[in-house]
Amino acid sequence: MKFSAALASLGLALAATVATAQDLPDLGGREVVVVTENAYPPLQFVDPASGAAIGWEYDAMADLAKRLNFTVKYENISWDAMIPAVSEGQFDIGMTGITIRDDRKEKVDFSDAYMRSEMVMMVRGDETRFADKAGFAANPDLLMAAQPGTTPFYVGVYEVLDGNEANPRIKLFETFGATVQALRAGDVDLVLTDGTAGAGYVAASDGGLKIIGEKLGTEDFGFIFPRGSDLVAPINAGIAAMKADGTIDALNTKWFLDFKMGE
């Protein structure tokens, strides 16, 4: 009976997967312009060996394009310009590990979450002066790097420091990669990042970087669209199908477990 029930359950699951695939919208080969920063490994970045733009989000977008029958044209833009540009309709979709937040929903529409991550503290591998956010906050000589307007910036201001967005202990940089370079060079002492990107940088650092302290909270990532975009529902359907058939799990394994940047 248990074996038969298991077979019946498997059959229902397979049927549901097939039905889901058949029910996905067909966008008829339409061109979709996707903008990204290429500065947030392993989600999206330029491979130093080949010069090609690669990463979790590129693989996910390619899979969505195949399922939904659209073609992708990629553009590049800085983080601080991305949300305004997408809001104004300059691009169809924005992707760069963007945290889903209510204040941003006033400017752009979000897809359903495709990934959940936890905020972590990344420091140099030989850091011994502090081991958690309280230790960092207590030492006025320690500096943090962040991109303005990002979740790490706001977490640093309100959860690590004193709530002053103009606190001189937060040094601002245009790209996430620049914050990590400043950390490794000793110009700053802390970078906050989601656990996925942090794991990628630590794995590639040969001991030069490490994660310390407790998690500082969770964040959900989504793609962004101009308000009212007709692409939101199809992309959400594609994300649901990718979750249902294990594609999301496979991408996580490829980019966060098997991946070592630079190899």
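**Cavity and helix packing**

The structure, a predicted model, holds one cavity of 30 Å³ or more. The space in the largest cavity comes to about 200 Å³. Helices α2 and α9 pack with their axes 10 Å apart.

Cavity

- The largest cavity is lined by 19 residues, and the closest to its centre are Y40, G97, Q147, T150 and P152.
- Six elements are named as giving two or more residues each to this lining: the strands β6 (93–99), β9 (144–146), β11 (190–194) and β13 (218–226), and the helices α6 (151–160) and α7 (176–185).
- Strand β6 supplies the largest share of the lining, three residues.
- By residue class, the lining of the largest cavity divides into nine nonpolar, seven polar and three charged residues.

Helix pair α2 and α9

- Helix α2 spans residues 56–68 and helix α9 spans residues 232–244; the angle at which they pack is about 110 degrees.
- Angles of 65 to 115 degrees count as roughly perpendicular, and α2 and α9 are therefore roughly perpendicular to each other.
- On the α2 side, the contact is made by A60, D63, L64, R67 and L68.
- On the α9 side, P234, I235, G238, I239, A241 and M242 make the contact.
- The residues of the contact between α2 and α9 comprise eight nonpolar, one polar and two charged.

Conventions. Residues numbered from 1 in each chain as written. Predicted model: local features only at pLDDT ≥ 70, side-chain atom pairs only at ≥ 80, totals over all residues. Heavy atoms only, no water. 1 Å grid on protein atoms, 1.4 Å probe; cavity = no way out; pocket = protein on both sides within 12 Å on 5 of 7 lines; lining within 4 Å. Points joined across faces, edges and corners; volume = space filled by probe spheres on them. Helix = DSSP H or I, 4+ residues; strand = E, 2+ residues; numbered from the N terminus. Nonpolar A, V, L, I, M, F, W, Y, C, P; charged D, E, K, R; others polar. Axes fitted to C-alpha atoms, helices over the stretch in contact; angles between N-to-C directions. Parallel < 35°, antiparallel > 145°, perpendicular 65-115°, else oblique. Contact = heavy atoms within 4.5 Å.
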